[in-house]
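Take a look at this protein chain. The paragraphs below lead from one annotated site out to the whole fold.

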Amino acid sequence: MPRVPAHLRERALGMLQGFMRTADVARAINCHVRTVRRLRQRYRETGRTADHPRSGRPRVTTPAQDRYIRISHLHDRSRILATRELKQNHLPNCQYLKGIAYGSEDIAILPNGLALISSGLKYPLTQNFAPDVPGKILVLDLEEDVLKPVELRISHGFDLQSFNPHGISAYIDHTDDTVYLFVVNHLHPHFTSQIELFKFLDEDNTLIHLKTIKHELLLNVNDIVAIGPETFYASSDHYFTDTILRIFEKFVGLAWCNIIYYSPGEVISAAADFGFANGINISPDGRYIYVADLLDSIVHVLEIQDNKTLTRVKVINVGSLPDNIHVDHETGDLWIGCHPNGWKFSFYNKDDPPGSEILRIKNIHSEKPVVIQEYADNGSVLQGSSVAVNYDGKVLIGTVFHKALCCDLH
């Protein structure tokens, strides 16, 4: 097979950076999958995509086009913080949670100290240590002296084999104290997205499946925040559903993602023009929605209007790639699981793994919000942090594909 031209090598590298599967990249540039793997390895080792000098065809691109490719590529690497390194900043009294080895991507905390955890996410071009193990929802009682996550049973008839949970959100109906759990489900292996609505029965660790929610605006949902028994806001991390177009969208920096408002009687795009809308949550007073825009390293503050649309109030630059957002309902502080280096996260290397970073935003509605680094690890302890929740002096940290950590600040 002829060697891949320089412009296609650069294009392939951009696709890989845009979270595209190796096999899809190979098809897109019409080469063998081994060629793409060698290209990625060569770039890791040398920082270049070029082969050793050899005779052959004349140049395909002009010097001006080469400069444009290099500038675009460097901009993209800068955007995902590809050169960032962390200094260790650990919390005291930390322990791994037994039984969690394949991710704890999102966590919803209830007022009684029960933490609901989504585990086993399989996401395109993201590391996964158990690709054939179905996803699950766990419960952890943070009031107990011995912390032991327990898998929740799901009611008969639900398709467990294709269950691939991502973002989750809990809502308590105070008229009867029913706990509803909303789960973003990317059906494995086809990665079609839908929302699953469950009723949580804590007395026997069971989830009763109530309904599946599908809609044309909910095809690329990342996270969700419930505001009623059947009502929620959801973040979309892509505009297109086609794999190639999804890569193109991120590579050229299209800000076409949106926030969706859903109720049984109305579904609308509540806000638009996000680069990569990730974690989403609501303020304790119910007036504001917070959205993590991963590729721009910012958190948006949006105000809820009477017609359920959202208007932008401000953005906070956090200096890391923000994932899920937890809101402390006593202080109003935001706890954010972050990816400190998107390159390491996207191109997993066990010898140089992606690190973890937890940030807290205090006084977010003041003129000068404060961003504090609460935890940082270079990947030696925890890889790919995605969420952090605090409860009664404990901090629970979850990851996309790795372990989970609980630190007791007392």
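Two residues are in contact when heavy atoms lie within 4.5 Å. The model is predicted: local features need pLDDT of at least 70, side-chain atom pairs count only at pLDDT 80 or more, and totals for chains, interfaces and linings use all residues. Residues are numbered from 1 along each chain as its sequence is written, and side-chain values use heavy atoms, with hydrogens and water left out.

His166 sits in strand 7, residues 165–173. Strands are DSSP runs of E with at least two residues, helices are runs of H or I with at least four, and both are numbered from the N terminus. Leaving out residues up to four places away in sequence, His166 touches Glu105, Asp106, Ser118, Leu121, Tyr123, Val184, His186, Val221 and Asn222.

Is His166 buried or exposed? His166 counts as buried because its relative accessibility is 3%. Buried means under 20% relative accessible area, exposed over 50%, and partly exposed in between, with a 1.4 Å probe and protein chains only.

Now turn to helix 2, residues 22–29. Its buried residues are Thr22, Asp24, Val25, Ala26 and Ile29. Just after helix 2, Asn30 takes a positive phi of about 60°.

Helix 5 spans residues 243–251 and contains Phe248. Phe248 has 45% relative accessibility, so Phe248 counts as partly exposed.

Finally, step back. The protein has 6 helices and 25 strands. Of its 410 residues, 55% count as buried. The C-alpha atoms fill a box of roughly 75 × 50 × 50 Å along the principal axes.
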